[in-house]
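Good morning, everyone, and thank you for making time for this short talk. Please have a look at the structure as it comes up, and then I will walk you through it part by part.

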Amino acid sequence: MKEEKELNHCLNCNVTENEIPLVNLNYAGKKAFICSRCLPILIHSPQKLTGKLDGADKIPSANH
């Protein structure tokens, strides 16, 4: 019997790797994934990920 692998999911919207590409994150010694749709939130408004990504409130927003 083949063991089923648990799918990775976006830390923000919970979409799985079978539905949309995910980007692997390594932050503060922990691993997480974020989807390509939610990546702009991490870049421009990381504080919106508070409670979903430990330390998100300490990540500075991108200045363009």
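This is a predicted model: local features need pLDDT of at least 70, side-chain atom pairs count only at pLDDT 80 or more; totals for chains, interfaces and linings use all residues.

If we take the principal axes of the chain as our directions, its C-alpha atoms fill a box of roughly 50 × 25 × 15 Å.

Now, which elements make up the chain, and in what order do they run? There are two strands and one helix, and, reading from the N terminus, the order is β-β-α.

Let us turn to the strands, S1, which covers residues 22-27, and S2, which covers residues 30-35. These two pair in the antiparallel sense, with six bridges between them, and together they form a hairpin in which two residues lie between the strands. At this hairpin, Tyr27 stands opposite Lys30 in S2, while Ala28, which sits in the turn, has a positive phi of about 55°.

Finally, two values for the chain as a whole. If we consider the contacts between residues at least 6 apart in sequence, 23% of them join residues at least 24 apart. As for charge, the chain has 8 positive and 7 negative charges, and the mean positions of these two groups are 7 Å apart.

How values were computed: Residues are numbered from 1 along each chain as its sequence is written. Side-chain values use heavy atoms; hydrogens and water are left out. Two strands pair if DSSP finds at least two bridges between them. Helices (H or I, at least four residues) and strands (E, at least two) are DSSP runs, numbered from the N terminus. Contact means heavy atoms within 4.5 Å. Lys and Arg count as positive and Asp and Glu as negative; His and the chain ends are not counted. The place of a charge is taken as NZ of Lys, CZ of Arg, CG of Asp or CD of Glu.
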